[in-house]
Every structure is written in C-alpha cells, then in structure tokens.
Amino acid sequence: RLVKGGVKVLPFYLLTLLPLFTSCSESSDTVDEFADWQSRNEVYFEQQYQLHQTHSAPDIIKKWTVDEATEVGHTDCVLIDRLVSGNSTVTPLFTDTVQVHYSGRLIPSVSYPNGYVFDQSWRGTFDEATAVPTEFGLSSDLILGFSTALQHMHKGDKWRIIIPYQLGYKGVAKTGIPAYSTLIYEVTLVDFWSKTKGDRDK
C-alpha cells in the first residue's frame, strides 16, 4: 500500500483486512474504532513531533519537495526513529530503485493497542534470512512521506517512520486505511541502485 492508488496489495492480506471493519457491531456496548479519527491522528502526530524535537539526532525530516532553507509546518515533515544503522555512506536518489522490507500500521485504537497492521512485505513471521524484499522505483507513485524518508536512509538502516496524513493519503480512505490516518512504517533498506547506471550502489 505504498502507492497512492493502493494497487500494491498482497492477496493474503485482503483477508486480514476484514476484521478492521467487522470488529464493531451496531450494538450499544461497542465502541467506534475510528471515532473522531482525524483529531486523534492530529493529536498523536503533534505529540510525536514534540517528542522528536528532544532527540539529539536530526530525526525530523522535511518533505523532499522543499529545500532545507524553506520554513515548513510540522505536517510537512516525517519523523524517524533509528532502530538499526547500516554501514553505507550513500543514500538513494529519487530516480533510484530500492529493495525494502516494510510493515505499515495505524495509530493505536480500541481493538488494536499497537496499531492495526494494514500492509507488510512478507507473510507470516518475519525472517530476515528468507524474506524476499519488495522492489520499486522511488519515482513511482509513492506517498510523499515514504519517498522522503527513503531518500535519507542508508543500506542496512532500519527505521520507524511516522508520516502525517498530509504526506500520506490525506482525507482519502484506502483499503484498511481510514481517511486522515497517520501512517507508521518500520522499514529496512536492503539495497538500492541507479536506473541509469544499472549497477548497485555501495
């Protein structure tokens, strides 16, 4: 579900999306999973933004479509947590192709205290030794927050990336993703290379 159109869906996960919409019945003792969802997502992202301002590393990244000198608002940025650091010194360009492992989830909700996982690049339990990474071009139709973060990653990096809905799907709902959703990805950059050179970067 990294693409804006939502066409990158593993058939296996079409089945897992059903509980997201069937967990809440019309009975009076159930709670709306996504009540006041836009406001909740805005509050969550702002809280995370304030927390990331206290980090020593530059863990707030402006969307790649503006230069570093441009002043932007909080929701023109993605937030990152560096889980694993690779040894590479170069990062992908917007014209490059990348290979990644990723999972994406929503913010915590009533039935999903860790956030509903709406998509991931593997089936079952993740095994780095056997999992096949997903491959795509950064210039394909990715959401802006995801392409922004990847252009700052090094090979071997594993990051948690928090994307405000303004750099995600905005007010549009996708399969398994309500409108106005903050998106939280865990991404490992396995490899990348230039389409023009045809060789892999080191």
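Student: Is Thr-134 buried or exposed, judging by its relative accessible area?

Tutor: Start with the scale: buried means under 20% relative accessible area, exposed means over 50%, and partly exposed is in between (1.4 Å probe, protein chains only). Thr-134 has a relative accessible area of 12%, so it counts as buried. Before we go on, this is a predicted model, where local features need pLDDT of at least 70 and side-chain atom pairs count only at pLDDT 80 or more, while totals for chains, interfaces and linings use all residues. Residues are numbered from 1 along each chain as its sequence is written, and side-chain values use heavy atoms, with hydrogens and water left out.

Student: Which strand holds Thr-134?

Tutor: Helices (H or I, at least four residues) and strands (E, at least two) are DSSP runs numbered from the N terminus. Thr-134 sits in strand E5, residues 134–137.

Student: How many helices and strands does the protein chain have?

Tutor: There are 4 helices and 7 strands, and along the sequence they run α-α-α-β-β-β-β-β-α-β-β. The chain has 202 residues, of which 44% count as buried.

Student: How do I read the confidence; what is the mean pLDDT?

Tutor: pLDDT is the predictor's confidence in each residue, from 0 to 100. The chain averages 85, with 81% of its residues at 70 or more. Over residues 6–18 the value is below 50, and that stretch has 22 contacts (heavy atoms within 4.5 Å) beyond near neighbours in sequence. Residues 22–27 also stay under 50, with 6 contacts beyond four places in sequence.

Student: Which residues have the most contacts inside the largest nonpolar core?

Tutor: A nonpolar core is a set of buried Ala, Val, Leu, Ile, Met, Phe, Trp, Tyr and Cys residues joined through side-chain atoms within 4.5 Å. The largest one here has 39 residues, and those with the most contacts inside it include Phe-146, Leu-150, Ile-161 and Tyr-185. Elements that each supply at least two residues include helix H3 (37–52), helix H4 (144–150) and strand E6 (158–163). E7 gives the most, with 6 residues.

Student: And the aromatic residues: which ones form a cluster?

Tutor: A pair of aromatic rings is described by the distance of the centres and the angle of the planes. Rings of Phe, Tyr and Trp (its six-membered ring) pair if their centres lie within 6.5 Å; planes under 30 degrees apart are stacked, over 60 edge-to-face, and the rest tilted. The whole structure has 10 aromatic pairs. Ring pairs tie Tyr-102, Phe-118, Phe-136, Phe-146 and Tyr-185 into a cluster.

Student: What joins the side chains of Asp-191 and Lys-155?

Tutor: A polar contact of 3.2 Å. That term means N or O atoms within 3.5 Å; within protein, one must be able to donate a hydrogen and the other to accept it, and residues adjacent in sequence count only if both atoms are side-chain atoms. Asp-191 belongs to strand E7 (183–194), and its 10% relative accessibility is why it counts as buried.

Student: Last one: where does Thr-91 lie?

Tutor: Thr-91 lies in the loop between E2 and E3. Its relative accessibility is 29%, so it counts as partly exposed. Setting aside neighbours within four places in sequence, Thr-91 has contacts with residues including His-152, Met-153 and Phe-192. The Thr-91 side chain reaches the backbone oxygen of Gln-151 at 3.3 Å. The C-alpha atoms of Thr-91 and His-152 are 5.8 Å apart, across 61 residues of chain.
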